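These are my notebook entries on one protein chain.

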Amino acid sequence: MGKGKNKTTEDKGSKFRGSNGHKSKQHHFRKGRSEGGVQHKGEKANSFPVKLAMWDFDHCDPKKCSGKKLERLGLIRNMRVGQKFSGIVVSPNGKGVVCPDDRELVETNGCAVVECSWARIEEIPFSRIGGKHERLLPYLVAANPVNYGRPWKLNCVEAIAACLAIVGHMEWAEALLDNFSWGRTFLDINRELLGVYASCTDSESVQVAQKKWLEQIEEEAKHRKERAPDEDLWMLGNVNRKKHADDQESDEDSDEDTESTNDSEEVQYDNLGNVISGGKIEVESEDSDEDDESDTSETENEVPIHETANNRDIDSDISKISKNIQHLSA
Ligand SMILES: C[S@@+](CC[C@H](N)C(=O)[O-])C[C@H]1O[C@@H](n2cnc3c(N)ncnc32)[C@H](O)[C@@H]1O
């Protein structure tokens with residue numbers, strides 16, 4: 001377990017206070033960034049309180065890509081191949097996982113991501129990008145329309161928001177995600193787990209918390225399956241993967257984000273992001289973005305849960321989780 005594991009919120013709050021009792025420089029937003037600390041949708045761009053950056057490999061449709069949207073909003077800057085980043089780089093090439101001890105680095109030097117296709121990750125010249133502080137993200141479930149309900153594969157804005165939330169800046173995570181119609185859903189389905197990670201200290205303690213969480217949900221899934229083998233929900237596969245017209249590109253390796261909303265109402269999720277209550281899912285196709293991204297036709301379909309499930313077997317998630325646990329334990 002990491003050092004200072006049981007430190008209190010008060011302890012954490014005082015972490016950046018200098019000997020004079022004032023908060024240290026890290027809390028003063030850099031020149032050109034908002035004094036208010038957060039930028040909500042519609043506010044002036046370019047005022048995010050922390051530096052955000054990406055290497056963009058142009059794999060995705062510009063209109064559908066979360067990184068490009070952040071760029072259009074003036075919230076993130078592009079970096080060249082060959083350029084390194086001194087803050088936290090959230091990357092599939094990471095070694096440790098993002099942890100609360102990264103807070104100072106994020107506040108001082110920012111957070112960067114690699115905007116590329118999950119399907120073309122092997123094309124990325126990782127040795128020519130990145131930096132000294134490359135990190136993986138711990139287990140979290142995506143809420144973006146392309147990979148909704150899938151663990152690990154977050155898009156760029158979710159990855160940055162997760163990093164900000166884990167290091168204790170949930171307000172920055174919210175402000176960033178507020179630019180996306182589905183953004184808050186990411187926080188809703190991961191809130192408890194993000195809180196668990198944010199209460200850890202170092203990378204090791206986050207991995208311990210992650211392992212415990214994964215074991216717990218695996219155990220719960222097994223029990224539920226044993227108790228009610230014929231229960232409809234389990235026979236349906238992952239009901240998060242709602243099948244509708246906009247979902248055509250949503251296979252596992254698809255990277256193209258869509259800005260159409262899959263807002264689910266009257267539905268509750270378990271820790272895996274699975275629907276655990278609610279008789280219907282309202283599939284709303286709309287675009288609440290301000291710029292010209294995608295069609296804004298507003299269709300509302302009431303789709304009974306049993307018609308929305310695809311054939312993805314929940315067992316494959318469980319087996320993936322088991323493999324990840326084994327990998328982490330190794
Ligand atoms: C592969 S790109 C896909 C971007 C997507 N096309 C979009 O519209 O945002 C997502 C990036 O987010 C970061 N990321 C997402 N999930 C991650 C994880 N589990 N661990 C580390 N980095 C992750 C990485 O920088 C990764 O390259």
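Which residues of H7 are buried? I found Ser203, Ser205, Val206, Gln207, Ala209, Gln210, Leu214 and Ile217 of H7 to be buried. A residue is buried if 20 or more other C-beta atoms lie within 10 Å of its own, exposed if 12 or fewer, and partly exposed in between, with C-beta atoms placed from the backbone. Helices (H or I, at least four residues) and strands (E, at least two) are DSSP runs, numbered from the N terminus.

**Entry: the model.** I noted that this is a predicted model, in which local features need pLDDT of at least 70 and side-chain atom pairs count only at pLDDT 80 or more, while totals for chains, interfaces and linings use all residues. Residues are numbered from 1 along each chain as its sequence is written.

**Entry: the whole chain.** I looked up 10 helices and 10 strands in the protein chain. Of its 330 residues, 41% are buried. Two residues are in contact if their C-beta atoms, placed from the backbone, lie within 7 Å. Among contacts with a separation of 6 or more, 70% join residues 24 or more positions apart.

**Entry: helix H7.** The 25 residues of H7 should span 36 Å, and the end C-alpha atoms are 36 Å apart, so the two agree. Leu214 is found in H7. I count Leu214 as buried because 22 other C-beta atoms lie within 10 Å. The C-alpha atoms of Leu214 and Tyr139 are separated by 8.1 Å, although these residues are 75 apart along the chain.

**Entry: helices against H6.** For axes I used lines fitted to C-alpha atoms, for helices over the stretch in contact, with angles from 0 to 180 degrees between N-to-C directions. The axes of H5 (residues 170-177) and H6 (residues 183-198) come within 7 Å and cross at roughly 140°. The contact is made by Ala173, Glu174 and Leu177 of H5 with Gly183, Arg184, Phe186 and Leu187 of H6. Angles under 35 degrees count as roughly parallel, over 145 as roughly antiparallel, 65 to 115 as roughly perpendicular and the rest as oblique. H5 and H6 are therefore oblique to each other.

The axes of H4 (residues 156-166) and H6 come within 9 Å and cross at roughly 40°. H4 is therefore oblique to H6. On the H4 side I listed Glu158, Ala161, Ala162, Ala165 and Ile166, which meet Phe186, Leu194, Tyr197 and Ala198 of H6.

**Entry: annotated positions.** In an unreviewed UniProt entry, the annotation "binding site" covers Ser66, Val114, Leu137 and Trp152. UniProt positions are given in the numbering used here, feature names are shortened, and annotations may be inferred rather than shown by experiment. Leu137 is in the loop between strand E6 (134-136) and H4, and Trp152 is found in the loop between E6 and H4. Are Leu137 and its C-beta neighbours a case of buried or exposed? Leu137 counts as buried because it has 22 C-beta neighbours inside 10 Å. Trp152, with 17 other C-beta atoms within 10 Å, is partly exposed. Beyond neighbours within four places in sequence, Leu137 is in contact with Val90, Val97, Val98, Leu154, Ala159 and Ala162.

**Entry: Lys95.** Lys95 lies in the loop between strand E3 (88-90) and strand E4 (96-97). I recorded Lys95 as exposed, since 10 other C-beta atoms lie within 10 Å.

Technical notes. The expected span of a helix is 1.5 Å times one less than its number of residues.
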